[in-house]
Amino acid sequence: MKQQMLSFLKEEDGVTAIEYGLIAGLIAVALLAALTPLGEHLSDLFTNIGNKVEGAATEAAK
């Protein structure tokens with residue numbers, strides 16, 4: 001039993017999988033933090049474009 005416990009404690013395959021999972025999680029958080037302001041900027045940009053197109057269509061209809 002003691003030999004099995006020592007073998008289990010020396011096993012590192014699970015640790016590597018956890019490390020990769022943590023790295024993937026950190027990358028996801030970094031992408032979310034970086035892209036959120038960009039998304040807001042793009043939303044404002046498309047709103048402005050839509051307003052200009054609407055204004056031009058209204059002028060053309062007169």
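Trainee: What percentage of the 62 residues of the chain count as buried?
Mentor: This is a predicted model, where local features need pLDDT of at least 70, side-chain atom pairs count only at pLDDT 80 or more, and totals for chains, interfaces and linings use all residues. Residues are numbered from 1 along each chain as its sequence is written, and side-chain values use heavy atoms, without hydrogens and water. Buried means under 20% relative accessible area, exposed over 50%, partly exposed in between (1.4 Å probe, protein chains only). Of the 62 residues here, the share that counts as buried is 0%.

Trainee: How many helices and strands does the chain have, and is it spread out or compact?
Mentor: The secondary structure comes to 2 helices and 0 strands (DSSP runs, H or I of at least four residues for helices, E of at least two for strands, numbered from the N terminus). The radius of gyration (over C-alpha atoms) is 27 Å, well over the 11 Å from the globule rule for 62 residues (2.2 Å times the number of residues to the power 0.38), so compared with a compact globule the chain is more spread out.

Trainee: What does the C-alpha trace span along its principal axes?
Mentor: One pair of residues gives a sense of scale. Met1 and Ala61 are 60 residues apart along the chain, and their C-alpha atoms are separated by 87 Å. Along the principal axes, the C-alpha trace of the chain spans about 90 × 15 × 10 Å.

Trainee: Is Met1 buried or exposed?
Mentor: Met1 belongs to the segment before α1 (2–10). Because its relative accessibility is 74%, Met1 counts as exposed.

Trainee: How does the model class Ala28 and Ile49?
Mentor: Ala28 is placed in helix α2 (residues 13–61), and Ile49 also lies in helix α2. The relative accessible area of Ala28 is 44%, so Ala28 is partly exposed. Ile49 has 41% relative accessibility and therefore counts as partly exposed.

Trainee: What distance separates the C-alpha atoms of Ala28 and Gly50?
Mentor: Ala28 sits in helix α2, which covers residues 13–61. Along the chain, Ala28 and Gly50 are 22 residues apart, and their C-alpha atoms are separated by 31 Å.

Trainee: What percentage of the accessible surface belongs to carbon and sulfur atoms?
Mentor: The accessible surface of the chain comes to about 5800 Å² (Shrake-Rupley method, 1.4 Å probe). Of that surface, the part belonging to carbon and sulfur atoms is 68%.
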